[in-house]
Amino acid sequence: MAATKNPSAEELRREIDHERTQLADALDSLREELDVTPKLRSKLPLVAAGALGAGFFLAGGIGATMRLFARRGREGTTKAKVGPFSLVDRDD
């Protein structure tokens, strides 16, 4: 049977300190990789344009814009309204 060496308390402390240092370095490295602020800041115009396009698409895009303009063209002063029907003056 081979004899096993029992490490001293000082050796264990040094080993734990070494492991702690390695763990702290790995954590710092991971934080740098996960930090998206510098990456996002360098591409801010592209990200803003993408967000604007996505918002336009989700809001209905060209169809919703055309309906808005068409509705504004049909607006006028309501003179009388009975149920779903209304009499509108369009000041043409």
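Student: How confident is the predictor in this chain?
Tutor: This is a predicted model, so to speak of confidence we use pLDDT, the predictor's score for each residue from 0 to 100. The mean pLDDT of the chain is 80, and 82% of its residues reach 70 or more. Local features need pLDDT of at least 70 and side-chain atom pairs 80 or more, while totals for chains, interfaces and linings use all residues of this predicted model. Numbering starts from 1 along each chain, and side-chain values use heavy atoms, without hydrogens or water.

Student: Where is confidence lowest, and where is it highest?
Tutor: Strand E2 (residues 85-89) is lowest, at a mean of 68, and helix H1 (residues 9-34) is highest, at 91.

Student: How do you know that the length of helix H3 (residues 44-58) agrees with what it should span?
Tutor: The expected span is 1.5 Å times one less than the number of residues. With 15 residues, H3 should span 21 Å, and its end C-alpha atoms are 21 Å apart, so the two agree.

Student: Why is the contact of Arg20 and Asp17 called a salt bridge?
Tutor: The term asks for a side-chain nitrogen of Lys or Arg within 4 Å of a carboxyl oxygen of Asp or Glu. Arg20 and Asp17 come to 3.1 Å, N to O, so the pair qualifies. They are three residues apart in helix H1, about one helical turn. Glu10 and Arg13 also form one, at 3.9 Å.

Student: Why is Arg20 called exposed, but Asp17 partly exposed?
Tutor: Buried means under 20% relative accessible area, exposed over 50%, and partly exposed in between (1.4 Å probe, protein chains only). Arg20 has 53%, so it is exposed; Asp17 has 39%, so it is partly exposed.

Student: What makes a nonpolar patch?
Tutor: Its residues have over 30% relative accessible area and no salt bridge, with nonpolar side chains (Val, Leu, Ile, Met, Phe, Trp, Tyr) joined within 5 Å; for like charges the limit is 9 Å. Here Phe56, Ile62, Met66 and Phe69 form one, with about 460 Å² of accessible area together (Shrake-Rupley, 1.4 Å probe). Helix H4 (residues 61-74) gives the largest share, three residues.

Conventions
Helix = DSSP H or I, 4+ residues; strand = E, 2+ residues; numbered from the N terminus.
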